[in-house]
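Open the model in your viewer and keep the selection panel at hand. We will go stop by stop.

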Amino acid sequence: MNTDTSSLHLEKVVPEAEDFLPLLGTDYVELYVGNAKQAAHYYMSAWGFQPLAYRGLETGSKDSVSYVLAQDKIRLILTSPLKPGGPINRHIEQHGDGVKVIALWVDDATKSWKETTSRGAESCMEPTTLQDEHGKVVLSGICTYGETQHIFVERGAYNGTFMPGFKPWNPPLKSTSVGLKFVDHMVGNVGWNEMNKWVEFYAHVMGFAQLVSFDDKDISTDYTALMSKVMSNGNGRIKFPINEPAEGRKKSQIEEYIEFYNGAGVQHIAVATDNIVETVTALKERGVEFLYVPETYYDTVLDRVGKIDEDLAPLKELGILIDRDDEGYLLQLFTKPVLDRPTMFFEIIQRKGAKSFGKGNFKALFEAIEREQELRGTL
Ligand code: FE2
């Protein structure tokens with residue numbers, strides 16, 4: 001397996017002073033789902049999210065209902081339609097449950113919109129000010145791959161629970177955190193030969209730079225092949241790997257995703273923890289299902305990654321994967337798809353210096369995914 005990480009570098013570092021789109025972090029991730037009330041229960045009981053805010057009939061929202069959940073810096077919004085025939089219904093019919101919005105926290109949503117639309121981004125929301133007794137939030141938005149959107153959120157003048165239109169939400173279910181801290185990266189799957197188009201979009205329209213590059217020979221098995229490039233914003237807080245399928249002997253997992261999602265969309269959300277053993281133990285106790293690599297993975301892993309701080313035994317028992325680059329190592333584990341369609345999944349990641357994405361694990365991982373695809377009859 002190729003573990004050469006000499007290609008790890010920012011191809012073009014954007015000095016913050018010249019960054020035309022300074023991003024403070026991921027503000028929230030919104031999923032359109034068939035039944036937001038029950039999805040909220042799942043993310044609370046299984047994933048340890050806390051209830052934060054609600055918008056629905058009781059707050060004057062006649063067409064849709066949204067639940068906002070939080071765990072440390074991660075905010076999820078789960079939204080369902082209340083009436084037939086609207087854009088949310090159509091999105092769910094096309095894609096099943098999935099990520100609609102990757103919201104980005106900015107100081108100035110109007111400037112963010114102008115800078116990106118003037119560079120060719122298609123607008124999905126003109127700058128819009130929402131106000132209530134706690135202050136104001138300004139939103140604007142642009143389209144990205146598939147039907148996914150980036151909403152810019154300016155909340156410097158707001159001190160309410162979430163944003164105008166929502167009220168605090170205190171359901172009877174009490175959940176306890178599993179130690180998830182923040183969104184580390186979010187990966188998009190795009191169609192055949194579309195990766196470079198979206199790499200160019202993030203570079204030109206949003207001022208991102210390419211972080212890591214590897215070719216399909218690095219990450220192919222007998223069956224699955226893909227190509228991937230990682231785009232990062234200037235301060236590195238936002239990282240978007242973009243995958244496209246590559247020719248393999250049988251159907252690539254990216255093709256399977258594109259088929260079931262009916263187009264490009266978010267493949268996985270990687271969430272960071274400070275203690276992956278505790279986090280994964282808690283998630284497994286609550287019924288979250290993970291991909292497994294063969295036990296033989298652990299026979300040679302330390303030869304590949306060298307010395308690590310953790311005992312290998314609990315990592316092996318939980319199936320946690322290890323990889324190293326020239327800045328350190330990382331521990332990671334991937335769930336099975338969390339939706340009915342074999343589309344989106346989560347990654348749990350603990351970084352111990354490494355800034356890469358686990359390339360050394362891809363082969364073992366793809367073989368695990370292929371075992372699942374074989375069960376689904378989609379290879
Ligand atoms: Fe990832």
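A salt bridge here is a side-chain nitrogen of Lys or Arg within 4 Å of a carboxyl oxygen of Asp or Glu. Keep that cut-off in mind for the stops below. The model is a predicted one.

**Stop 1: the two domains.** Colour residues 23-168 as domain 1 and residues 178-376 as domain 2. Their centres, taken over C-alpha atoms, are 25 Å apart. Domain 1 brings 42 residues to the contact, and domain 2 brings 42 residues.

**Stop 2: the interface.** About 3200 Å² is buried between domain 1 and domain 2. Carbon and sulfur atoms give 66% of that area. How many salt bridges are counted between domain 1 and domain 2? The count is one. Select Asp72 and Lys181: they form a salt bridge, with the closest N and O atoms 3.8 Å apart. That pair counts as a salt bridge because the cut-off is 4 Å. Next, look for polar contacts: 13 residue pairs make them across the interface of domain 1 and domain 2, both residues being at pLDDT 80 or more.

**Stop 3: the domain 1 side.** Show the elements that give two or more residues to the side touching domain 2. Among them are these helices and strands:

- helix H1 (36-45), helix H2 (87-95) and helix H3 (109-117)
- strand E1 (25-32), strand E5 (98-106), strand E7 (135-143) and strand E8 (149-154)

H2 supplies the largest share of this side, five residues. Now colour the domain 1 side by residue class: 19 residues are nonpolar, 16 polar and seven charged.

Stop 4: His268 sits in strand E14 (residues 265-273) and Glu347 in strand E17 (residues 345-352). This pair links distant parts of the chain, 79 residues apart.

**Stop 5: another salt bridge.** The whole structure holds 15 salt bridges. Select Asp27 and Arg155: their side chains meet in one of them, at 2.9 Å from N to O. Asp27 is in strand E1, while Arg155 is in the loop between E8 and strand E9 (167-168). The two residues are 128 residues apart, so zoom out to trace the chain between them.

Definitions and conventions. Residues numbered from 1 in each chain as written. Predicted model: local features only at pLDDT ≥ 70, side-chain atom pairs only at ≥ 80, totals over all residues. Heavy atoms only, no water. Domains from an automatic or database assignment. Contact = heavy atoms within 4.5 Å. Buried area = accessible area lost by both parts, 1.4 Å probe. Polar contact = N/O pair within 3.5 Å; in protein donor to acceptor, adjacent residues only side chain to side chain. Helix = DSSP H or I, 4+ residues; strand = E, 2+ residues; numbered from the N terminus. Nonpolar A, V, L, I, M, F, W, Y, C, P; charged D, E, K, R; others polar.
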